[in-house]
Structures are given as structure tokens and as C-alpha cells.
Amino acid sequence: MIRPLLMAACLLAAAPAFAQSSGEPARDPTRTEVWTPVPAVVATPVGGAPSDAIVLFDGKDTSAWESEQGGRVPWTVADGAMTVVPGSKGIRTTQKFCDVQLHVEWRTPTQTQGFDGQHRGNSGIFLQEVYELQVLDSYNNPTYPNGQAASLYKQAIPLVNASRAPGQWQAYDIIWKAPRFSAGGGLTSPARITVLHNGVLVQDDTVLSGKTEYIGAPSYAPHDCAPIYLQEHDSKVSYRNIWVRAL
């Protein structure tokens with residue numbers, strides 16, 4: 001009796017396979033296959049920008065930027081990096097952006113003696129010119145948490161402090177969703193941001209309450225797409241390998 005029982009068990013186990021191959025529509029795997037649209041191919045070279053990205057700074061060319069006052073970039077360029085000249089004002093892209101994926105590498109000065117808190121390696125990346133992702137030397141450098149590196153300045157504390165030591169290159173990978181406004185100027189959807197700092201998630205789909213303010217509460221005013229702005233804040237912070245993908 002062992003052999004017939006074994007055969008019966010095998011037939012029962014194979015029943016779903018027989019039903020699938022019998023042409024039963026509900027069991028047809030092709031019914032859940034979607035063949036269009038086919039995603040575009042994007043090349044992703046190691047250490048380089050994706051093939052569909054706009055390269056904003058490649059270590060040499062500053063033509064994608066201008067002074068915040070207009071005219072040529074007032075910062076120095078050497079050894080593949082662009083470095084803030086204290087007192088020279090910030091710079092902004094000549095192109096305007098709304099929703100973006102943005103990659104920025106930055107480095108704070110090694111000279112830290114006599115500097116602490118907000119005076120150590122301070123700069124900032126402003127999305128649409130008015131929403132600041134803080135750049136700061138936050139390696140063993142206490143300050144108010146909503147003003148440390150990877151904070152949305154005075155709005156959102158980073159989930160963790162992923163800072164490297166001064167003089168080391170660091171990276172932000174940013175997904176930015178611009179705010180939306182109605183035809184009448186009312187806010188219909190606030191700005192949102194996700195940030196990885198040195199590969200670590202530090203802002204997780206964070207909702208902004210408005211533009212960055214040094215004093216007072218943030219609020220929104222209607223605006224369109226705008227440049228990406230890098231802040232000059234009295235410190236020789238360097239930038240390199242900056243690229244952006246419009247979303």
C-alpha cells in the first residue's frame with residue numbers, strides 16, 4: 001500500500017501546477033506582467049554623476065554658477081574643489097529648479113582652534129534659495145541640534161549625527177519636493193525633503209513649515225522654481241562633485 005499512497009500524495013501536490021498549465025485564466029502569470037512603459041536606461045559610473053544628471057560643478061568649471069549679486073563666482077577653485085572666500089557672498093546656480101535629486105560633497109576646514117558651535121565650518125545649501133539644509137562641522141562640536149549639520153535650519157533635527165572629522169569630505173544626497181501653491185497664492189502642498197548624510201538617513205520625508213528664518217517662525221510665500229544657493233558664512237568650506245537630476 002505504500003506505493004499507491006505515495007503516488008496519490010504526489011498527484012495532490014502537483015494539482016496547482018496542472019491547473020496553471022491547463023490554461024485557467026485566473027492562474028495565468030502573464031495577467032500580472034506589465035511591459036510598458038519601459039524605464040529609460042541611466043548609466044551610473046562609479047564616483048561620477050548619472051548620465052541624465054546636470055553637472056553643476058566638476059572640479060573645474062563654475063559656469064553653472066554666479067555670485068548672489070550677479071556676475072562671476074567669487075570663490076576659489078583649486079585641486080578639484082570650490083572654496084568659500086569669507087566676505088565674498090554666496091553663489092547660486094544660473095538655472096532654476098523645483099523637484100530634484102541633488103548630490104553635494106563638502107568639507108569643513110581643519111583649523112578649528114578658537115572656533116566652536118555655529119562658528120565652525122558654517123555654510124548651507126538652500127533649495128529654491130530659501131530652504132536651508134545646514135552645512136556645519138558637527139564633529140565633537142555641540143550646538144543647538146536644529147542648527148547642526150544635516151538639520152533643516154531651525155526646523156528639523158537630523159535623526160542622527162553622521163558627521164566626519166573636519167578636513168574629511170562628506171556627502172549629502174537629497175530628494176527635494178518643492179511646495180505647491182494655488183493660483184491665488186495659497187499653499188496646497190508643503191515642501192518635503194529626504195537626506196542621506198554620508199550614506200545615512202538623517203531626514204526622512206521631512207515636511208517643512210516654510211522658508212528658513214534666523215529669527216522667528218517659518219512661513220510660506222508663493223514662489224516658482226528657483227536656483228540652488230550655497231551660503232558664504234565666514235568659513236572656508238569647500239564643495240566638489242555637485243550634480244542634480246530634475247524630477
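Predicted model: local features only at pLDDT ≥ 70, side-chain atom pairs only at ≥ 80, totals over all residues.

Residues are numbered from 1 along each chain as its sequence is written, and side-chain values use heavy atoms, with hydrogens and water left out.

Visitor: Is the disulfide of Cys98 and Cys225 left-handed or right-handed?

Guide: The sulfur atoms of Cys98 and Cys225 lie 1.8 Å apart, and a disulfide is a pair of cysteine sulfur atoms within 2.5 Å. Because the torsion about the S-S bond of Cys98 and Cys225 is about -100°, the disulfide is left-handed.

Visitor: Is Gln148 buried or exposed?

Guide: Gln148 belongs to the loop between strand S8 (131-135) and strand S9 (170-177); strands are DSSP runs of E, at least two residues, numbered from the N terminus. Buried means under 20% relative accessible area, exposed over 50%, and partly exposed in between (1.4 Å probe, protein chains only). With a relative accessible area of 14%, Gln148 is therefore buried.

Visitor: How does Leu201 count in terms of accessibility, and why?

Guide: Leu201 is found in strand S13 (residues 200-207). Its relative accessibility is 35%, so Leu201 counts as partly exposed.

Visitor: Which residues does Gln148 touch, not counting residues up to four places away in sequence?

Guide: Contact means heavy atoms within 4.5 Å. Leaving out residues up to four places away in sequence, Gln148 touches Gln134, Leu136, Ser138, Thr143, Pro158 and Asn161.

Key
Helix = DSSP H or I, 4+ residues; strand = E, 2+ residues; numbered from the N terminus.
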